Amino acid sequence: MKGLKFQTRLILGFSTILFFSFVIGIISFIEIKNIGDKTESIYRHPLAVSNSVRDINISINAIHRSMKDVVLAKNQEELHESILLVGKHDKQIYKSFKIVQERFLGKKEVVNDAYQAYRDWEKIRDEVVMLKRGGQDERAADITRGRGAFQVNLLFEKTKILTDFAQDKADEFYQSTLKSEKKSLAILITNISLILFISVVTAFWLSKSISQPIRKFINEISSIFSHENELIKNLSNKNELDILSIASKKLKSSYKKLNDFNKELDKQIEQRTAELKEAKEKAEESERLKTAFLANMSHEIRTPLNSILGFSEFLKNEDLPKEKKELYLSMIDNGGQRLLTIITDIVDISKIEARQFNLIYETAMLNEIINNLQQQFSISTNKKELKLKSMKSLNDSSSYISTDTTRLSQVISNLLENSIKFTDQGEIEFGYEIKNNNLLFHVKDTGIGIPKDFHHLIFERFRQTDNQNAKLHTGTGLGLSIAKGIVTLFGGKIWVESEKGIGSSFYFEIPYLPKSSNDEEKKKRTSLFANHQ
């Protein structure tokens, strides 16, 4: 050993360290590969089964809803569309069952039971479709609510057994992976301890071998800081350890500055990542809501169009009785009015979003607006046997105000339409009062109510409180969004107080701008939406 050069000794020492590092790397790679294989088993079997069963449950729910649409179909076109949707999800279920059958690690009888339960439900669905096509709507509905619903619940119980088994299997694989991890950690600690021991021995041997060249190394350090005269002066009377200590402090100071910079950079990256994640989530949610809105608009527009086209075709029959002609013309007119309402709502919400919505102020009698609305909506409430009440806090001569009559009426109408739509019994009250120099309007009903969790959502675009309600209601779903936009344009605010099953109370307030009853000249002014932001 004494005859070896310093360079050779360094090579031998570091080669020993590198050799044992290589051995540790190989062992670690083998253990990591083992953990990876077990992780892959979790994915290929329990996780794949869980995901497939989840897809089956989603498709079952979708088919169940579509079967309700089959029962509620009013014409052959709607029936055909609902049956096509059932067929689409039916294919997805068979595809998912195939994956479960291939990768399920338990008894195949469990999978076969679930599969047979689905086949039994398929026979019930076929029977419902046959009855529906045969005009036996009531019997089809009874089967759907009875045997059909029971079979769906049974099917969910069968699929839950599959999910529970997959979860148990995943836990088993997970525990095995933990054992492998502990084993790998023990091997790694042993090898690291060994390499540390060898490193210490090698370092001791090298330190004795390089004690002479240390001075030369110190001289090199001194040359590095040659531009700092004061530091060189302090080093001249220092020993080797002091010199290394001073050099270490200089390096430590530089490292601290670099570390502080890295922490600040990491903080900025983390903040920016959080902002991007939040923006991405908002964009995805907005896109999902827009897609649902467009699908709903497609249905809402297609329904009156089908009515117009269908009854127009009937009118081509020259032998059609006069009474039927008048009825068909009335249906065409209703379809046209509904289509016009839908288009008007879309145009209004687009103008509000583009900040191109204008208010035209004029002198109007507030009580007259309330009376007209009561007369207009009493027809709808009478049909549903609802009581419609109005409340006015001013007499006629004192109720003149400056406002946009059309837009104020539109807000109250949207709220009344919403209340009538979701109220089946009881009463609806609307009106106003003066409060803190503001006009406080209200529309109260005894309808189905709104859960508190949805209060902050109902005025947003594309939002619905319950997309899966079995009781279907027509409409664009934009009424409350438009109402909020107009109230904001008035310089006011709108809110709701409601509980599910109790009823809803909508309030909005706008500035009170009283006018004299003998003010004959109506003063108009236009206010852009951007000015009220």
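**Loops, helix packing and aromatic pairs in a predicted model**

With a relative accessibility of 69%, Asn436 counts as exposed, where exposed stands for over 50% relative accessible area, buried for under 20% and partly exposed for values in between (1.4 Å probe, protein chains only). The structure is a predicted model, in which local features need pLDDT of at least 70 and side-chain atom pairs count only at pLDDT 80 or more, while totals for chains, interfaces and linings use all residues. Residues are numbered from 1 along each chain as its sequence is written, and side-chain values use heavy atoms, with hydrogens and water left out.

Asn436 is placed in the loop between strand E5 (427–435) and strand E6 (438–445), helices (H or I, at least four residues) and strands (E, at least two) being DSSP runs numbered from the N terminus. Although Asn436 is not a glycine, it has a positive phi of about 55°. Most residues other than glycine have a negative phi. A positive phi, of about 60°, is also found at Glu385, again not a glycine; Glu385 belongs to the loop between H9 and strand E3 (387–391) and, at 72% relative accessibility, counts as exposed.

In overall terms, the protein contains 11 helices and 9 strands, and buried residues account for 33% of its 533 residues. Of the contacts (heavy atoms within 4.5 Å) between residues at least 6 apart in sequence, 75% join residues that are at least 24 apart.

Helix H9 (residues 366–383) packs with helix H10 (residues 405–421) at an angle of about 30°, the two axes lying 11 Å apart; axes are lines fitted to C-alpha atoms, for helices over the stretch in contact, and angles run from 0 to 180 degrees between N-to-C directions. This angle makes H9 roughly parallel to H10, since angles under 35 degrees count as roughly parallel, over 145 as roughly antiparallel, 65 to 115 as roughly perpendicular and the rest as oblique. The crossing of the helices H9 and H10 is right-handed, a term for a near helix turned clockwise from the far one by less than a right angle. On the H9 side, the contact is made by Leu366, Ile369, Ile370, Leu373, Phe377, Ser380 and Thr381, which meet Thr405, Leu408, Ser409, Ile412, Ser413, Leu416, Glu417 and Ile420 of H10. By class, the residues of this contact comprise 9 nonpolar, 5 polar and 1 charged, with Ala, Val, Leu, Ile, Met, Phe, Trp, Tyr, Cys and Pro counted as nonpolar, Asp, Glu, Lys and Arg as charged, and the others, Gly among them, as polar.

Helix H9 also holds Asn367, which is buried with a relative accessible area of 1%. Leaving aside neighbours within four places in sequence, Asn367 is in contact with Lys392, Leu394, Asn395, Asp396, Ser399 and Tyr432. Asn367 and Lys392, 25 residues apart in sequence, have their C-alpha atoms 6.8 Å apart. In strand E4 (residues 400–403) lies Ser402, which at 11% relative accessibility counts as buried and which, with neighbours within four places in sequence left aside, contacts Tyr361, Glu362, Leu513 and Lys515. Ser66, located in helix H1 (residues 6–72), is likewise buried, with a relative accessible area of 2%, and under the exclusion of neighbours within four places in sequence it is in contact with Ser82, Leu85 and Val86.

The structure holds 10 aromatic pairs, in which rings of Phe, Tyr and Trp (its six-membered ring) have centres within 6.5 Å, planes under 30 degrees apart counting as stacked, over 60 as edge-to-face and the rest as tilted. Phe97 and Tyr115 form an edge-to-face pair, with 5.4 Å from centre to centre and 90° between the planes. Because Phe97 lies in helix H2 (residues 76–103) and Tyr115 in helix H3 (residues 108–133), this pair ties together parts that are 18 residues apart in sequence. Phe97 is buried at 1% relative accessibility, whereas Tyr115, at 23%, counts as partly exposed. The pair of Trp495 and Tyr507 is stacked, because the ring centres are 5.6 Å apart and the planes stand at 20°; it links strand E7 (residues 493–499), which contains Trp495, with strand E8 (residues 503–511), which contains Tyr507, the two residues being 12 apart. Trp495 is partly exposed at 26% relative accessibility, and Tyr507 is buried with a relative accessible area of 15%. Tyr94, Phe97, Tyr115, Tyr118 and Trp121 together form one aromatic cluster.
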